[in-house]
Amino acid sequence: MQPQLRYNSRLCTGCGQCASQCPRQVHSFLDGMHKVDFTACSACGACVDACPSRALKITGYEADPRQIMDVVLKDRRYYGTEGGLTVSGGEPTLQPDFLLELLSLARQEQIHTCLETNGYIPAHVLEALLPLTDLFLLDYISQAAALAKTHSCICKTEIMPYHSLGADKWEELGLTYALAGIADPAPEQKRCWESILHP
Ligand code: SF4
Ligand code: SF4
């Protein structure tokens, strides 16, 4: 994942240290308001080091599949017979070459593989994934009950209601949260859905 700047306005004191260190004029102050031009940022990290309030950080880093596998292997002794590698996202199948290489490496190391996906996968990618993936976690948005009843290969279904816990991250990355204003479902709504899935 490309490194990106994150800015938490709740921690910012407006001291201006970041602006004095940034070579790209990403930080500006107008009428006491701190503006961050994320589009101009190169994620060099200079402002992060200068910030006394930890309001800034660099999130994400680039790595190839071999580097990821080296990290996975460090915890090998904890996986036991049931643990292993779970690839989630975002949607991991949007990076099929990377994903297939990572899963192939896991196969070579005899590590159990799990893939969390929305299932919207091109046929040729799915065909390549099948022999490399021990377990699919399918995030299916609708008609889940019907799907679970008609497919015997589905071993377990669970309702995970929408929640807005990640909304702050979008703001901190300077992105628009497309689901703003959508309320988390009430507990009774979740119970209603569960009664359909497990009557
Ligand atoms: S990470 Fe570098 S380019 Fe980006 S805002 Fe900070 S100092 Fe400027
Ligand atoms: S250095 Fe940190 S606390 Fe100071 S203005 Fe910049 S982000 Fe805010």
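Glycine 90 sits in the loop that runs between β5 and α5, where helices are DSSP runs of H or I with at least four residues, strands are runs of E with at least two, and both are numbered from the N terminus. The bond that joins glycine 89 to glycine 90 is a cis peptide, with omega about 5°. The model is predicted, and local features need pLDDT of at least 70, side-chain atom pairs count only at pLDDT 80 or more, while totals for chains, interfaces and linings use all residues. Residues are numbered from 1 along each chain as its sequence is written, and chains are lettered from A and ligands numbered from 1 in the order in which they are written.

Four bridges link β5 in the parallel sense to β6, residues 112-117, and valine 87 stands opposite leucine 115 of β6.

On the other flank is α5 (residues 96-108), which packs with α3 (residues 65-74) at an angle of about 40°, their axes being 9 Å apart. That makes α3 oblique to α5, a term for whatever is left once angles under 35 degrees are called roughly parallel, over 145 roughly antiparallel and 65 to 115 roughly perpendicular. The crossing of α3 past α5 is right-handed, in that the near helix is turned clockwise from the far one by less than a right angle, anticlockwise being left-handed. From α3 the contact takes in Pro65, Arg66, Ile68 and Met69, and from α5 Phe98, Glu101, Leu102, Leu105 and Ala106, contact meaning that C-beta atoms, placed from the backbone, lie within 7 Å. Sorted by class, this contact of α3 with α5 has seven nonpolar, no polar and two charged residues (Ala, Val, Leu, Ile, Met, Phe, Trp, Tyr, Cys and Pro count as nonpolar, Asp, Glu, Lys and Arg as charged, and the others, Gly among them, as polar).

Arginine 54, in the loop between α2 (46-50) and β4 (56-59), is a residue other than glycine with a positive phi, near 55°. Aspartate 31 has a positive phi of about 50° and lies in the turn of the hairpin of β2 and β3, which has two residues between the strands. There β2 (residues 27-30) and β3 (residues 33-36) run antiparallel and are joined by four bridges, with valine 36 in β3 as the bridge partner of histidine 27.

Definitions and conventions:
Pairing = 2+ DSSP bridges. Axes fitted to C-alpha atoms, helices over the stretch in contact; angles between N-to-C directions. Contact = placed C-beta atoms within 7 Å.
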